[in-house]
Amino acid sequence: MANAHDNDNKADDVLVFIVIGTAYEEPETEGVSIHVILRAADDDSAVREALEALAEEGFLEADLDQIGTLMGEPEEEPHASAYRGALAGEVAIIRFA
């Protein structure tokens with residue numbers, strides 16, 4: 001018989017990721033630096049969800065350069081509120097001019 005606690009960590013397996021890259025709203029134009037903060041079960045899911053969120057916001061293309069996990073709430077805005085939103089299931093896109 002399987003231990004009843006074997007699957008207790010499923011909710012804990014969801015991590016908060018930050019995906020860093022450049023997104024493009026128009027073809028052949030200079031892109032915008034972006035950070036996408038979201039919850040996902042793994043790197044692949046995080047990349048897929050980040051690309052979907054960018055497409056929903058009107059970006060035609062994105063070059064994703066880095067991905068990592070956030071191990072706690074960032075101290076500075078806008079990342080702190082984006083982190084809290086990610087914990088609530090939102091996907092935050094932070095644009096840098």
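1. The protein exposes about 6,500 Å², of which carbon and sulfur atoms supply 46%; these areas come from the Shrake-Rupley method with a 1.4 Å probe, and for residues only the protein chains shown count as cover. The model is predicted: local features need pLDDT of at least 70, side-chain atom pairs count only at pLDDT 80 or more, and totals for chains, interfaces and linings use all residues. Residues are numbered from 1 along each chain as its sequence is written, and side-chain values use heavy atoms, with hydrogens and water left out.

2. Two helices and four strands make up the secondary structure, in the sequence order β-β-α-β-α-β. Helices (H or I, at least four residues) and strands (E, at least two) are DSSP runs numbered from the N terminus.

3. Strand pairing requires at least two DSSP bridges between the two strands. E1 (residues 15-24) and E2 (residues 32-40) run antiparallel and are joined by nine bridges; Leu15 has Ala40 in E2 as its bridge partner. E2 also runs antiparallel to E4 (residues 92-96), with five bridges, and Ile37 stands opposite Ala92 in E4.

4. Among contacts with a separation of 6 or more, 62% are between residues 24 or more positions apart, a contact being heavy atoms within 4.5 Å.

5. Of the 97 residues, 29% count as buried (under 20% relative accessible area; exposed is over 50%, partly exposed in between; 1.4 Å probe, protein chains only). A nonpolar core is a set of buried Ala, Val, Leu, Ile, Met, Phe, Trp, Tyr and Cys residues joined through side-chain atoms within 4.5 Å. The largest has 11 residues, including Phe17, Val36, Leu54 and Phe59. E1, E2 and helix H1 (43-56) each supply at least two of its residues, and E2 gives the most, with four. A second, separate core of eight residues includes Ile18, Tyr83, Ala86 and Ala92.

6. Three salt bridges are present, each defined by a side-chain nitrogen of Lys or Arg within 4 Å of a carboxyl oxygen of Asp or Glu. One of them joins Arg95 and Glu25 at 3.2 Å, N to O. This pair links strand E4 with the loop between E1 and E2, 70 residues apart. Arg95 is partly exposed at 43% relative accessible area, and Glu25 is partly exposed at 34%.

7. Arg84 pairs with Glu73, with closest N and O atoms 2.4 Å apart, and with Glu77 at 3.4 Å. Arg84 is partly exposed at 40%, as is Glu73 at 42%.
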